[in-house]
Amino acid sequence: PYRTIARALEFAQPGDEVVLRGAPGVANNHYSESVRIQQPNITLRSQDGEWALIECPVNDEDIDTCVRFDVDSSGSTLRRVEVTGGYYYGIKFETRWDWGEPDRSGASNILIEDVKVHATGNAAIKITPGCDDITIRRAELYDTGLTINPDSAEGIDNVNGDRMTVQDSYLHDTAGTGMYFKGGAIDCLVERTRIENTGGPGLL
């Protein structure tokens, strides 16, 4: 076992699971660190019967995102985890869109399941261009926009990420729009999801 998620991810290989568990290793299964998934097909999840918390400060510009999926992390999964903080975002998917190369894709085919994301500086979840086929299922997203541009601090901010699916989720108390598909995002689907108490429209 490793004491930090970052250390475990250094050793993880594509196809591996990184399982977060509490005692005796980490008290209360609480990790005060930012997380960066850089390889494909990595699963990051809580131990069965436990619930891990990944916490980042909301007022430290050097920690702009709490859980980041890098461009080579396609096929990965985040399951049964609470994410709080991040100067900008709780969870962000990165893209090659503006690298000036022929390949303009981003982190894609990713499953976010049974998560809570809250108390973020800007949006709870940020999808950048070319990050396609992302599924968010049974998520609770709330308390966005604590520090940065609250008018645009969505629960889910999807800029040109195609074929996104959001199912069985609850978005509430967002500073901006609850959920926003924009910038050319196509074939996106929302099912059985409740959105309330938003600072702007519920769904655009």
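Me: How many disulfides does the structure hold?
Reply: The predicted model holds 1 disulfide, a term for a pair of cysteine sulfur atoms within 2.5 Å. In this predicted model, local features need pLDDT of at least 70 and side-chain atom pairs count only at pLDDT 80 or more, whereas totals for chains, interfaces and linings use all residues. Residues are numbered from 1 along each chain as its sequence is written, and side-chain values use heavy atoms, with hydrogens and water left out.

Me: Why are C56 and C66 called a disulfide?
Reply: Their sulfur atoms are 2.5 Å apart, and the cut-off is within 2.5 Å, so the pair qualifies. The link of C56 and C66 is right-handed, with 80° about the S-S bond.

Me: What does the pair of C56 and C66 tie together?
Reply: C56 lies in the loop between strand 5 (52-55) and strand 6 (65-69), and C66 lies in strand 6, so the link joins parts that are 10 residues apart in sequence. Strands are DSSP runs of E, at least two residues, numbered from the N terminus.

Me: What makes C56 buried?
Reply: Buried means under 20% relative accessible area, exposed over 50%, and partly exposed in between (1.4 Å probe, protein chains only). C56 has a relative accessible area of 6%, so C56 is buried. C66, at 0%, also counts as buried.

Note on methods: Helices (H or I, at least four residues) and strands (E, at least two) are DSSP runs, numbered from the N terminus.
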